[in-house]
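Good morning, and thank you for joining this part of the meeting. Please bring the model up on your screens, and we shall go through a few of its local features together.

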Amino acid sequence: MTQHFMSFIDDIWNKFPTFKEIKNTDLTNHNLLWTLDEYRNANYVNFQTGKKELYRLSILIENYAVEHDTTLLATFETEARYKYVEERYTEILDKISKAWIIGNFNNQFLHQRPPASAEIVSCDGTNISPMWIVITKGEKGPFGLVAEDLGDSDYRGFFTSNVDILEKVIEDINEQLKIKIVI
């Protein structure tokens with residue numbers, strides 16, 4: 001079993017230290033509203049930002065998953081954060097082939113009737129709990145955002161289409177939660 005740092009994101013950056021050193025991109029600059037293709041073409045983008053920017057990026061990734069009927073992994077820091085998007089996620093889960101919804105959930109009936117293609121998993125007590133992760137798969141492999149809640153609506157993390165990094169993210173989640181996510 002791998003030894004984990006207190007921070008999930010530090011676990012990943014420890015395995016890919018050169019990526020941690022990449023200068024942050026300001027996602028709050030309204031002149032820099034990237035398309036999903038621009039994010040994907042960048043391959044790797046570090047950021048420290050707020051909820052609004054991550055919410056926009058999450059929707060771009062989720063919409064891609066729906067348009068291409070591909071798998072989706074989404075994590076939520078709290079039940080309340082999932083409840084905020086539950087109606088939209090109910091529609092998403094009905095339209096895609098497979099999804100993993102992971103969160104710091106205490107309520108086993110959080111999603112009343114998830115489709116058979118969706119797995120809802122609690123990450124309570126792990127370093128995944130403060131994470132905002134949304135990953136799907138494109139024609140060249142997985143891509144997505146990985147961000148850690150720093151408190152006060154501030155997040156640090158990255159967007160990447162680097163297969164090695166995202167495989168490590170998924171491997172860490174699988175190991176800690178004893179599940180099998182395949183994206």
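Leaving out residues up to four places away in sequence, R40 touches Y64, G138, E139, F143, F159 and S161, where contact means heavy atoms within 4.5 Å. Before I continue, please note that this is a predicted model, in which local features need pLDDT of at least 70 and side-chain atom pairs count only at pLDDT 80 or more, while totals for chains, interfaces and linings use all residues. Residues are numbered from 1 along each chain as its sequence is written, and side-chain values use heavy atoms, with hydrogens and water left out.

R40 is found in helix α3, residues 36–42; helices (H or I, at least four residues) and strands (E, at least two) are DSSP runs, numbered from the N terminus. Is R40 buried or exposed? R40 counts as buried because its relative accessibility is 13%. The terms are as follows: buried means under 20% relative accessible area, exposed over 50%, and partly exposed in between, with a 1.4 Å probe and protein chains only. The side chain of R40 also makes a polar contact, at 3.1 Å, with the side chain of E139. A polar contact is a pair of N or O atoms within 3.5 Å; within protein, one must be able to donate a hydrogen and the other to accept it, and residues adjacent in sequence count only if both atoms are side-chain atoms.

I turn now to helix α1. Its buried residues are F8, I9, D11, I12 and W13, and what covers them includes β1 (44–50), β5 (131–138) and α6. At the start of α1, a side-chain oxygen of S7 comes to within 3.3 Å of the backbone nitrogen of I9.

How do α1 and α6 pack? Helix α1 (residues 8–15) meets helix α6 (residues 163–177) at an angle of about 135 degrees, with the axes 10 Å apart. Axes are lines fitted to C-alpha atoms, for helices over the stretch in contact, and angles run from 0 to 180 degrees between N-to-C directions. The angle makes α1 oblique to α6; under 35 degrees counts as roughly parallel, over 145 as roughly antiparallel, 65 to 115 as roughly perpendicular and the rest as oblique. On the α1 side, F8, D11, I12 and K15 meet I165, K168, V169, D172, I173 and Q176 of α6.

The second pair is α4 and helix α5 (residues 79–95), which pack at an angle of about 15 degrees with their axes 10 Å apart. These two helices are therefore roughly parallel to each other. Their contact involves K51, Y55, I59, E62 and V66 of α4, together with R81, Y84, V85, R88, Y89, I92 and K95 of α5.

Within α4 (residues 51–67), consider Y55. Y55 counts as partly exposed, at 29% relative accessibility. Beyond its neighbours within four places in sequence, Y55 is in contact with Y84, V85, R88 and W132. Y55 and W132 lie 77 residues apart in sequence and 9.7 Å apart in space, C-alpha to C-alpha.

Finally, the backbone angles. D69, in the loop between α4 and β2 (72–76), has a positive phi of about 40 degrees although it is not a glycine. K178, in the segment after α6, is likewise not a glycine and has a positive phi of about 55 degrees. D69 is partly exposed at 43% relative accessibility, whereas K178 is exposed, with a relative accessible area of 61%.
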